[in-house]
Amino acid sequence: MMNGGGGGGQKKRAPRIEPFRHRVETDPKFFDKSWRKLHDAIREIYNHNASGLSFEELYRTAYNMVLNKFAPQLYEKLTENMKEHLEDMRTCIDAAQGGLFLEELQRKWNDHNKALTMIRDILMYMDRTYIPTNKKTPVFDHGLELWRDTIVRSPTIQGRLSDTLLELIHSERTGEVINRGLMRTTTKMLMDLGLSVYQDDFERPFLEVSASFYSGESQQFIECCACGEYLKQAERRLSEESERVSQYLDVKTHEKITAVVVNEMLANHMQRLILMENSGLVNMLVEDRYEDLTRMYTLFNHVPDGLTTIRSVMASHIKDTGKSLVTDPERLKDPVDFVQRLLNMKDKYDNIINVSFSNDKSFLNALNSSFEHFINLNNRSPEFISLFVDDKLRKGVKEANEEDLETVLDKVMMLFRYLQEKDLFEKYYKQHLAKRLLSGRAASDDSERSMLVKLKTECGYQFTSKLEGMFTDLKTSEDTTQGFYASTSSELLADAPTISVQILTTGSWPTQTCNTCNLPPEIVSVSEKFRAYYLGTHNGRRLTWQTNMGHADIKATFGNGSKHELNVSTYQMCVLMLFNSSDVLTYREIEQSTAIPAADLKRCLQSLALVKGKQVLRKEPMSRDIADDDSFFVNDKFTSKLFKVKIGTVAAQKETDPEKLETRQRVEEDRKPQIEAAIVRIMKSRRVLDHNSIMMEVTKQLQPRFMPNPVVIKKRIESLIEREFLERDKTDRKMYRYLA
């Protein structure tokens, strides 16, 4: 329809269809009547008389009240009503005395929960519509809040509840039995009322009281208990608290109460416990108290810096013990015992770390660095370790099987890794290996080669190439000796002694000062024939006899008619053969006839005349020291149960001081070209480098073999500058340039 004229400026109204208006008359007393019905029902519910109620009818009543916009009044009335019931409950709880207090509180809490469940079901429609829209607390949760404010946090109950719970826990800690079920339901009630209620009303005071309790107890125990006993008590308390949490406290309390016990019983007394005299960590280590050590490790794992402290004290103890071992003059008298004690000590701490410290890598590293520290305090450690290996590889098979020997060698390699002067060990090992091979006293070829493989794996081919050359020489020598006898007619060798010659390549074997003695004529004859044969088959070679390294088997008949075969050194053979033409000889005469060096000759005569059971010569006067005019005779009364008698040489296993000095000087000389080679390698790649950087790089490169002396490095740099491998920078004297 179009309207004409007039109102062109007015906005047009959209057409609306209005519903049919039917006026519904509401009973003015509707709310009061409906609330009275609900009020009475709630009273019956709290009085445990809910069985006669029609929940369907009650739900409809509440539904209609909400539908008729009475939800706000209903919510308000419900709050007032529940408060009244809770105040009645509070009166009953207040009246409960002693142990009945918690029981009454729990009974009323259960009643309130059951009532809330029923009330929530009746008012479900209000819960779904009015409450979310108006951001009110749902009926059940609202009931819990009212319980919290009216009961739990009432002035008469709040403190009493907290005190009661804490007293019960204290009673349990002192050995009494309490009702854990009641404790569990009470703490669960606090948790149901909200985390803040549990934490503020119970957990915080619980932790404070616990700290005070354990502070006092720890002080009391530490004054009267040994460390091991104290740690048992701390472990027991931690276990009890853990069980307490699992039985009736919130699971999140576990971490907090553990921290309290750890702090009061362990962290606050850490230094005193670990360092406790006669029972602390050091005492446990000395006495191998694995159980106590395990407990200490486990407990102090919870303490900040706990394991660091244990590790530090352990390392200090190992260093001190090791230092006293490697610097004890008594221990230095027996190198084999010295190394065995080191191995025993290493085994001991390996076991402790494995069993008690969970094979903790940081503890293993501390053990290794401690051993490296004290082993290198004794500059004879490389020599002693080589002597130990020498002892095992000489006697190994007699004393143990191959597997046991292999285990020992593996352990020795651990000590070898700690050595800073591995090149010094190589020098000694070379000497000892040479003696074993040349005397035929190597226990097992497999064991010898196994040791070489271990050294090669650890230090590379260069370290063992010369040692392997020694084995090659022996095999070649065997073939050469067979060739000599095969090519020489038996007439030429008739009645001549049988010789077995070992031809040693000069570079592979330890350098020996050549002290050629005067050999018996019989030996000279056959040895010259061998020389002619060898030089005839090898051009450009030169043979030098090393008489100090040989040995011989000689047949002897004594005045009493007894016959024996004597296994002796070449020097001893030279001495004994003189008595074929003389009954008595003085020391001076023997020295002139044999030309054996004095020190070697004296040891040789001591072994022939003074060693019990091996006295094939007699000495006058009978004293250990040998003078120039002492006389020697064949011992006609010599007897032995054995036909073959081995006569060793009386010799100090360890080097004499001049020999030590000589070995050290040879090692220092050998190091010079290695240091120079390292400097040239570094400068060739870097071209320009400052002094401090060269020192660091050279040390780093050579460290696996030996620890270079900074003074020596500096001298080698000067030498390279003189030989024009390097030059100093003209502006900065601390900078070096490589000259191609």
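Trainee: What makes β7, β9 and β8 an open sheet, and in which sense do they pair?

Mentor: The three strands stand in the order β7-β9-β8 with antiparallel pairing. Strands are DSSP runs of E of at least two residues, helices are runs of H or I of at least four, and both are numbered from the N terminus. β7 (688-690) and β8 (726-728) each have a single partner strand, so one side of each lacks a neighbour in the sheet. This is a predicted model, in which local features need pLDDT of at least 70, side-chain atom pairs count only at pLDDT 80 or more, and totals for chains, interfaces and linings use all residues. Residues are numbered from 1 along each chain as its sequence is written, and side-chain values use heavy atoms, without hydrogens and water.

Trainee: Why are α16 and α17 called roughly antiparallel?

Mentor: Angles run from 0 to 180 degrees between N-to-C directions, with axes fitted to C-alpha atoms, for helices over the stretch in contact. Under 35 degrees counts as roughly parallel, over 145 as roughly antiparallel, 65 to 115 as roughly perpendicular and the rest as oblique. Helix α16 (residues 306-326) and helix α17 (residues 335-356) pack at about 170°, with axes 11 Å apart; they are therefore roughly antiparallel.

Note on methods. Two strands pair if DSSP finds at least two bridges between them.
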